[in-house]
Amino acid sequence: MEPILKVENLKTFFPVATSMFGKKKYLKAVNDVSFEVFENETFGLVGESGCGKSTLGRTIVKIYEPTDGKVWFEGKDVSTIKGDELKKFRKDAQMIFQDPYASLNSRMTVGEIIREPMDIHDLYPTSKEKDEKASELLEIVGLKPDHIRRYPHEFSGGQRQRISIARTLALNPKFIVCDEPISALDVSIQAQIINLLEKIQEERNISYLFIAHDLGAVKHISDRIGAMYLGSLVEVGESNELYRNPLHPYTRALLSAIPIPDPHLMRNREIAAIDGEIPSPLNVPSGCAFRTRCPMAMEVCAKDTPKLRKVGNSQVACHLYD
């Protein structure tokens with residue numbers, strides 16, 4: 001089966017201002033990332049804050065321009081497209097943003113917000129048809145059709161995220177980047193949004209790149225998962241396999257920090273703590289970027305940068321498996 005999305009050696013660097021005579025520096029937000037997403041699949045992406053997850057998602061949908069590498073969508077290289085080709089790609093590849101309070105225009109009604117992408121892409125000939133479609137989409141995401149006349153400030157955080165999802169669905173996309181869509185919501189609402197995304201995927205055959213901090217939520221919704229550290233993928237595997245048998249020390253530490261609902265088990269649980277703070281992407285350690293915090297670091301880790309290699313059913317970038 002051919003993937004709907006294929007990312008090859010993608011890099012996104014941002015130039016950082018220096019002194020007049022200083023050497024120009026680059027913030028390496030995404031550094032040589034490769035993975036695939038198949039039709040009707042959810043690829044989960046996890047990692048600490050600042051590891052480049054959101055930048056990767058925004059680069060894929062062309063909000064940011066890649067520094068190097070390729071992004072293939074349905075077999076076509078979209079990493080350098082512009083104009084009408086870019087407009088067509090953005091119809092098929094959409095994004096749900098993290099903060100529903102910031103991503104919705106407070107001066108527009110809900111109906112205007114959902115109709116806006118239809119206007120840009122000339123989807124329906126009359127305003128009446130656009131209103132009918134907007135009302136239909138609101139019902140799909142669990143809101144009432146007459147909500148099209150209200151403004152975003154009249155809704156709760158969970159309802160606003162539902163509006164964001166309705167706006168994303170207005171163009172009938174094939175692929176959606178979900179950039180931490182539940183992190184700004186109450187825990188009681190998070191499960192509802194996850195269930196809604198799963199229902200939409202089943203009905204519309206959409207592929208997701210699901211970015212999140214909550215590893216429990218990622219496991220629930222994802223078919224495969226990638227762990228990201230300092231701009232690079234360190235492990236990729238099938239969801240259940242990765243949770244059952246994590247290979248990379250970083251992945252083990254992330255998984256060991258997931259809370260267990262049983263207080264007795266949680267009290268006796270061994271936590272694989274990560275020492276220190278994540279290094280600056282302006283000054284990435286040599287060799288393995290995780291070596292400065294890894295309890296299993298070896299001499300070779302400082303010299304050679306490990307590449308993703310197949311180990312069992314997973315892929316891992318770690319010298320422990322050389």
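**Surface patch, cores and selected residues**

Trainee: Which residues form the nonpolar patch on the surface?

Mentor: Met296, Met298 and Leu320, with about 230 Å² of accessible area together. Keep in mind that this is a predicted model.

Trainee: Where is Met298 placed?

Mentor: Met298 is in the loop between α10 (263-267) and β11 (309-311).

Trainee: Now the inside. How many residues has the largest nonpolar core?

Mentor: The largest nonpolar core has 52 residues. Ile114, Ile165, Leu169, Leu197 and Phe210 have the most contacts inside it. Its largest share, five residues, comes from α6. Another core, of 29 residues, lies apart from it, and includes Leu5, Val37, Val61 and Phe175.

Trainee: What does Leu169 touch?

Mentor: Leaving out residues up to four places away in sequence, Leu169 touches Leu137, Ile140, Val141, Ile176, Ile200, Arg204 and Ile206.

Trainee: Leu137 is in α4, then. Which residues of α4 are buried?

Mentor: Lys130, Lys133, Ala134, Ser135, Leu137 and Leu138. Their cover includes α3 (110-120), α5 (157-169) and α6 (187-204).

Trainee: How many residues has α4, and what span does it reach?

Mentor: Helix α4 covers residues 127-140, 14 residues in total. From first C-alpha to last it reaches 20 Å, close to the 20 Å expected at 1.5 Å a residue.

Trainee: What follows α4?

Mentor: Gly142, with a positive phi near 90 degrees.

Trainee: What is Ser106 in contact with, leaving aside neighbours within four places in sequence?

Mentor: Tyr151 and Pro152. As for Met95, Ser106 is eleven residues from it in sequence and 19 Å from it in space, C-alpha to C-alpha.

Trainee: Last one, Tyr250. Which helix is that in, and what does it touch?

Mentor: Tyr250 lies in helix α9 (residues 249-256). Not counting residues up to four places away in sequence, Tyr250 touches Gly47, Glu48, Met228, Tyr229, Val234, Ile274 and Phe290.

Trainee: Why does Tyr250 count as buried?

Mentor: Because the relative accessible area of Tyr250 is 0%, and buried means under 20%. Tyr250 and Lys219 are 31 residues apart in sequence, and 17 Å apart in space, C-alpha to C-alpha.

Technical notes
Residues numbered from 1 in each chain as written. Predicted model: local features only at pLDDT ≥ 70, side-chain atom pairs only at ≥ 80, totals over all residues. Heavy atoms only, no water. Helix = DSSP H or I, 4+ residues; strand = E, 2+ residues; numbered from the N terminus. Expected span 1.5 Å × (residues − 1). Buried < 20%, exposed > 50% of the residue type's maximum accessible area, 1.4 Å probe, protein only. Contact = heavy atoms within 4.5 Å. Patch = residues over 30% accessible without salt bridge, like charges linked within 9 Å, V, L, I, M, F, W, Y side chains within 5 Å. Areas by Shrake-Rupley, 256 points an atom, 1.4 Å probe, with all protein chains shown as cover. Salt bridge = Lys/Arg side-chain N within 4 Å of Asp/Glu carboxyl O. Core = buried A, V, L, I, M, F, W, Y, C linked by side-chain atoms within 4.5 Å.
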